[in-house]
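I begin with the structure itself.

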Amino acid sequence: MISTTRKRGFTIIELILAMTAISVLLVVIVVLVMNINSMFRQGIALRETNSAARAIIDDIMRTTAGSPGLPMGAAFGRTHGAGAMTEGGVFCTGSYSYVWKHARRLRGDLGNPNGGMSVNGITNFRLLKARDAGRDMCNPALGMALVTPTGEPPQEVISAAEIDLALYDFRVFVPRSNTTIGQSFYTVSFVLGTLRGTNLEGGRVGREACVPPALELGFDFDYCAVNRFNFAVRAAGGG
């Protein structure tokens, strides 16, 4: 008696179901990896923004704390342009002055990225710190080409990082001064964000946001980060 053994293989339907299950699993894995990568890059952008903001605040606080109080009638700051056409501005502490350029100029929204304000011929800057004990750079009569009163070269406060950052707003409110004890109290507010993908809606302060990719073609939205930072500082040092 001869016995035969039948070998049973997979049917077409079983193969299709298996391939479908594997495809779905691969899609889920790809989506998870993309989301994890997106969160990682968003975290980098936020970390760099917050780190740069802390460096700006620490630098201004140290400089201002060792600066003299504001004399009566002395200029402490000025801004070039108004509203959506702001080019940047200057904040004078009485020891060093800080010159900032608006991100819109740097990314070409206002024309030549190297146009606008300059310090000692330097045009490509974010936030420069220059020795200016006499607050000369806050003289309203000066134009957009600034020159440091001393030979000390200006320093960039926003250092190069993995994410390209710039200022979208920088305001120093009218200080409260006590002439008796020679102290001044400043309130400072600034908006720091990624150079691309950040917008102040209608140029309005308080409407800072990341722009969706559809509004800025070719931009990797995961890298966008923007935040407003507020702090107070006291000037009570010597000249």
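I first looked up the largest nonpolar core, which has 29 residues, and noted that Ile56, Leu127, Leu167, Phe170, Tyr186, Phe190 and Leu192 have the most contacts inside it. I keep in mind that this is a predicted model. I then checked which elements supply at least two residues each, and I found helix H1 (12-65) together with strands E3 (96-101), E8 (165-172), E10 (183-194) and E13 (226-235). H1 gives the most to this core, namely seven residues.

Next I listed the contacts of Phe190, leaving aside neighbours within four places in sequence, and among them I wrote down Ala53, Ile56, Ile57, Leu167, Phe170, Phe229 and Phe231. I also noted another core lying apart from the largest one, with eleven residues that include Cys92, Ala130, Met137 and Cys138.

I turned to the rings and counted six aromatic pairs in the structure. Phe170 and Phe190 form a stacked pair, with 6.2 Å centre to centre and 20° between the planes. Because Phe170 lies in strand E8 and Phe190 in strand E10, this pair ties together parts that are 20 residues apart in sequence. I noted that Phe190, at 0% relative accessibility, counts as buried. Phe190 also forms an edge-to-face pair with Phe231, at 6.3 Å centre to centre and 75° between the planes, and this pair links strand E10 to strand E13, 41 residues apart. Ring pairs link Trp100, Phe170, Phe190, Phe229 and Phe231 into a cluster.

Last, I looked at Tyr96, where Lys129 lies over the ring face at 4.7 Å from the centre, and where the charged end of Arg131 sits over the ring, 4.9 Å from its centre.

Note on methods
Residues numbered from 1 in each chain as written. Predicted model: local features only at pLDDT ≥ 70, side-chain atom pairs only at ≥ 80, totals over all residues. Heavy atoms only, no water. Core = buried A, V, L, I, M, F, W, Y, C linked by side-chain atoms within 4.5 Å. Buried < 20%, exposed > 50% of the residue type's maximum accessible area, 1.4 Å probe, protein only. Helix = DSSP H or I, 4+ residues; strand = E, 2+ residues; numbered from the N terminus. Contact = heavy atoms within 4.5 Å. Phe/Tyr/Trp six-rings, centres within 6.5 Å; stacked < 30°, edge-to-face > 60°. Lys NZ or Arg CZ within 6 Å of the ring centre and 35° of its normal.
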